[in-house]
Amino acid sequence: MPRHLHLNLFIHGRGHHEAAWRHPSASPLPLTDIRYYTDLARKAEAGLFDSVFLADTLGVGEDVAHAPRTWLEPITTLAALAGATTRIGLIATCSTTYTEPFNLARQFASIDHISNGRAGWNIVTTWLATASGNYGGTGPLSHAERYERAEEYMRVVTGLWDSWSDDAVLDDRAGGAYARDGSIRAVNHVGPHYQVAGPLNIPRGPQGRPVFVQAGSSDTGRRFAARHAEAVFTAQMEKATAKDFYADLKALAADEGRAPDQVLILPGLSPVIGSTEAEAHRIARELNDLSDPEVGRKRLSGRFGGHDFSHLPLDAVLSPEDFPDPATVQAARSRTEVIIGLVRREKPTLRQLLGYMAGARGHFVTAGTPEQIADLIEDWFRDGAADGFNVMPPVLPAMLEVFVAQVVPLLQRRGLFRTGYAGETLRAHYGLTRPDVRF
Ligand SMILES: Cc1cc2nc3c(=O)[nH]c(=O)nc-3n(C[C@H](O)[C@H](O)[C@H](O)COP(=O)(O)O)c2cc1C
């Protein structure tokens, strides 16, 4: 079967550019209005995207006064999106560090039923240091501890989703048998961090388990992804590092005994699209002119776990020594590696670095015509850098509309992208097998 490209829409604020919320082409709706999200999901579905994705942070950042985000709680929002769409996959972030596994398993099983098999879970351990203050205040866990707990967490939630056999529900009204004898089993998990009896209090969803998505790219994050993830989101600033990441993760997955085509790799892509190159660059400039470097400085500090960058002048060239060693960062470690890599390669000033980060927080940003964006997608896809893309429009809905109207048809004409949905579930769109359970 020919390999097909996968596209996910990452919904974030009024677009991924830090200043998108102020841009005249951004949505006029409040970010707490569900119509904003249903409209985006329907537009992505009209463009035959595999899925939409909602990220989540468990606290407000220090930049809150100048940086509106996606505010609605993601799992609740997915339930609304499930009712407003019919085919597109629905992915939300939920934290292993701050959510009881029984709650999470139950919520995603519900979303899978409500959406008829379209649920996906972005497994995060929560890098935001201040989140711990909202959950008992015992202080943030270290990077290693978070991933260690997450391993046990995966055993628990997988056990819960598999605690009902696929054929458990008989619903035999005449015979009076609702469930088949012996088809629902306890989990009885007792581990260092969790004690969960089970079984889950909801039958298995149409997909068995939600699709497992993961977005950590540190060494530990990659090994975790290789064991569990079926789709991997990653921030890469250039094709060369994306190719290294792609090869590394596929090899790690094979070492875990998994088929490499069952682990899709979707780097972030934030395309500023214009009918001419000049127009694309004009829109990019407009967005950059609206952003505030002091907001960017606060956000940079958050990525490095609260490190103080306030003494650095905006217009002096940076060196890697201006940053803490990534190995000591307990927050978003792999993103700090991406940032320091850029500093080493391109020697930007702080203002230039913050300008780049304002685009899409360290994901790949490019400006060009639809043809140029399609060329780039095709090149990365064919050259071992991506199985598809996590599309991060700089302004929403405007740049999604342009992408769907002008880039998608080019990809279809080149035979790279579907011209209709072939299946019903997110697993079907992504070409993933279903984990069947019978006992
Ligand atoms: C596309 C993308 C989306 C992410 N979404 C979230 C999110 O919603 N919530 C969160 O806490 N972390 C999110 N992350 C961060 C990662 O899950 C991870 O915590 C972070 O990269 C640090 O782990 P690492 O050091 O292993 O990379 C996201 C990362 C990427 C690349």
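Predicted model: local features only at pLDDT ≥ 70, side-chain atom pairs only at ≥ 80, totals over all residues.
How close do the axes of α1 and helix α12 come, and at what angle do they cross?

1. Start with the ligand. It has 24 residues around it, and the closest are D56, Y147, S217, S218 and S334. If you want a quick way in, pick out those five names in the viewer.

2. Next, look at a few polar atoms. S217, already listed among the closest residues, has a polar backbone atom 2.7 Å from an oxygen atom of the ligand. A215 also uses its backbone: one of its N or O atoms lies 3.4 Å from a ligand oxygen. With W127 the side chain is involved instead, as an N or O atom there sits 3.5 Å from a nitrogen atom of the ligand.

3. Which elements give two or more residues to the shell around the ligand? They are β4 (119-124), α4 (143-161) and α9 (333-346). Of the elements, α9 gives the most, with three residues. Sorted by class, the shell has 10 nonpolar, 11 polar and three charged residues.

4. Now back to the opening question. The axes of α1 and helix α12 (residues 398-413) come within 9 Å and cross at roughly 15°. At that angle α1 is therefore roughly parallel to α12. The crossing of this pair, α1 and α12, is left-handed.

5. Helix α1 (residues 34-46) also meets helix α2 (residues 74-84): their axes come within 10 Å and cross at roughly 50°. So α1 and α2 count as oblique to each other. Is their crossing left-handed or right-handed? For α1 and α2 it is right-handed.

6. A few backbone spots deserve a look. As background, most residues other than glycine have a negative phi, and most peptide bonds are trans. L48 has a positive phi of about 65° although it is not a glycine. You'll find L48 in the loop between α1 and β2 (51-54).

7. Then there are the cis peptide bonds. One joins G198 and P199, with omega about -5°, and P199 belongs to the loop between β8 (195-196) and β9 (211-214). Another runs from L396 to P397, where omega is near 5°. P397 is in the loop between β13 (388-391) and α12, and α12 is the helix from point 4 that is roughly parallel to α1.

Key
Residues numbered from 1 in each chain as written. Heavy atoms only, no water. Near = heavy atom within 4 Å. Polar contact = N/O pair within 3.5 Å; in protein donor to acceptor, adjacent residues only side chain to side chain. Helix = DSSP H or I, 4+ residues; strand = E, 2+ residues; numbered from the N terminus. Nonpolar A, V, L, I, M, F, W, Y, C, P; charged D, E, K, R; others polar. Axes fitted to C-alpha atoms, helices over the stretch in contact; angles between N-to-C directions. Parallel < 35°, antiparallel > 145°, perpendicular 65-115°, else oblique. Left-handed = near helix turned anticlockwise from the far one by under 90°.
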